[in-house]
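Visitor: Before we look at any particular place, please set each name against the rule behind it.

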Amino acid sequence: MKDAKQLWKEVQDVLSKELSVVAMEVWIQPLEPVCIYGNKLILLAVLKNAKASIMRNYSEKIRNAINDVNTFVTDFDVITEDERQAYESGNVEKKEEPKENKCVFDPCFTFDNFVIGGSNQIAYAAAKAVAQNPGQQHNPLFIYGGVGLGKTHIMHAIGNHIYSKNPSAKILYVTTAQFINDFIDSIRNNNDNENRMFREKYRDVDVLMLDDIQFIAGKEATQEALFHTFNDLYHFKKQIILSSDRHPKELTFLDERLRSRFSYGLTCDITAPDIETRIAILERKAYAKKCAVPSDVLNFIAENINTNIRELEGALNKVIFYAALVGREIDSVDIVKEALKDEIESGSHALTIDTIVEKVCSYYNVSKKDLVGKKRTSAITEPRFMCIYLINDILSLPLVAIGEYFGGRDHATIIHARDKVAMALENDMKTKIDFKNLKNMIMRK
Ligand code: ADP
Ligand code: MG
């Protein structure tokens, strides 16, 4: 049997392929494995505030990584120093999961703390309208966009806003993983009581928010349950809010009935922020941390970290952390260059389509002209499909933009290519190996 230390080491290996260097250094590596308790790996966060951020931003990734390492451990918990002794002596009282969902909203995720720019202003306006009049217009509200761009923040902002106006509102925010778990629990024992609890939990609400709905892929029975939940709530004019990494049309694994319902209301996207928005976000975050950071430093970070807002925030945290560690002021770009050495040198954040295309061409030994061209022999479609898949996977670019790059192909063709590779990754060894090799080559750059 693996001990906590060994398990955590293996989980970190899995996570390091998923998360950025910044995320690993700032959030994951400082966690200390304490023990395995029941089916949970217990991790200690040395900094008290770290727990909330980790649970919010990384819990799903950590849980998935734990499940990747095959043991009976399927979950984890982050504890703080005061809870440590109880765990080490095995004297832990089982904590009841909070029944009320009131405090699930992060007080920092408000509309006021949300920086508006061209990349998110429509989603912001739609969310505000929904928060002011839940269930009245825009039902459902469907927000989509790549990771770390503010979808969860916006959902929490809606929740915080509604509670501030109406503290007795029944708002249920759950991740899709939670919805799936609740559904599985409700049918596990074929028990009427559990069935009823599931129905009550999801029907007896004024607002239901489901975050990251793309994770419902392949869960047919859960989709069916969601379909009925949706219909009931919609019928009674209860507000439904969904988030996803892609447009409903691109959720091709979904039952058509659900897909069309997701588009009943208002669908809006959040895209990667432009440089001005990135600077404004950094200013806001530095201010919130009561940290005076000169503007040339903020500009430098914003110029160099252009993937998403979570990475941007992570980079700022790392600079602040590093400056405190070495006991220096953040007074010039030099300290940023030192603190963010890995990110800036490896340049993983500055990956472009061209870099990926170049690697794919050399890996399969095909020319770029053929790769983006019209030829349809299998010698060329295989690399082309893989390339499209990698671009989507690594850069989270909109499919339309990828289509344009590939000689103006429409986005249905791009979805087809991507899904084909996704399927081959499940059952074809060569595709798996090619994908792994290419991804390693690209990320190392
Ligand atoms: P997603 O759910 O899209 O993956 P999150 O909502 O978790 O992304 O956002 C990641 C981080 O970036 C959070 O800390 C969030 O507060 C921050 N963030 C995202 N968008 C904005 C914004 N427009 N203004 C300020 N902070 C933002
Ligand atoms: Mg999210």
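Guide: Helices and strands here are DSSP runs, numbered from the N terminus, with helices being H or I of at least four residues and strands E of at least two. This is a predicted model, in which local features need pLDDT of at least 70 and side-chain atom pairs pLDDT 80 or more, whereas totals for chains, interfaces and linings use all residues, and side-chain values use heavy atoms, without hydrogens and water. Residues are numbered from 1 along each chain as its sequence is written, with chains lettered from A and ligands numbered from 1 in the order in which they are written.

Visitor: What makes the peptide bond between Asn139 and Pro140 cis, and where is Pro140 found?
Guide: The bond joining Asn139 and Pro140 has an omega of about -5°, and it is a cis peptide bond. Pro140 belongs to the loop that runs between α5 (121-132) and β4 (141-144).

Visitor: Which values of phi draw attention to Asp212 and to Lys290?
Guide: Asp212, a residue other than glycine, has a positive phi near 60°, and its place is in the loop between β6 and α9. Lys290 likewise is not glycine and has a positive phi, near 55°; Lys290 sits in the loop between α11 (275-288) and α12 (295-304).

Visitor: How do you know how α2 and α13 are oriented to each other?
Guide: Helix α2 (residues 21-28) packs with helix α13 (residues 309-326) at an angle of about 55°, their axes being 9 Å apart. Axes are lines fitted to C-alpha atoms, for helices over the stretch in contact, and angles run from 0 to 180 degrees between N-to-C directions. Angles under 35 degrees count as roughly parallel, over 145 as roughly antiparallel, 65 to 115 as roughly perpendicular and the rest as oblique; α2 and α13 are therefore oblique to each other. In α2, Val22, Glu25, Val26 and Trp27 meet Gly314, Ala315, Asn317 and Lys318 of α13, where contact means heavy atoms within 4.5 Å. The residues of this contact divide into 4 nonpolar, 2 polar and 2 charged.

Visitor: Why is α18 described as it is relative to α20?
Guide: The axes of α18 and α20 cross at roughly 90° and come within 8 Å, and that angle makes the two helices roughly perpendicular. On the α18 side, Phe385, Met386, Ile388, Tyr389 and Asn392 take part, and among the residues they meet in α20 are Ile414, His416, Ala417 and Leu425. By class, the contact has 9 nonpolar, 2 polar and 2 charged residues.

Visitor: What makes one space a cavity and another a pocket?
Guide: On a 1 Å grid over the protein atoms alone, a cavity is a set of points where a 1.4 Å probe fits but cannot get out, and a pocket is an open set with protein on both sides within 12 Å along at least five of seven lines; lining residues have an atom within 4 Å of a point. The search finds 1 cavity of 30 Å³ or more in the whole structure. Leu208, Leu210, Leu226, Thr229, Phe230, Leu233, Ile240 and Leu242 line the largest cavity, to which β6 (207-211), α9 (220-235) and β7 (239-244) each give two or more residues. Its lining has 7 nonpolar residues, 1 polar and no charged. The second largest pocket holds about 220 Å³ of space, and α18 gives the most to its lining, with 4 residues.

Methods
Points joined across faces, edges and corners; volume = space filled by probe spheres on them. Nonpolar A, V, L, I, M, F, W, Y, C, P; charged D, E, K, R; others polar.
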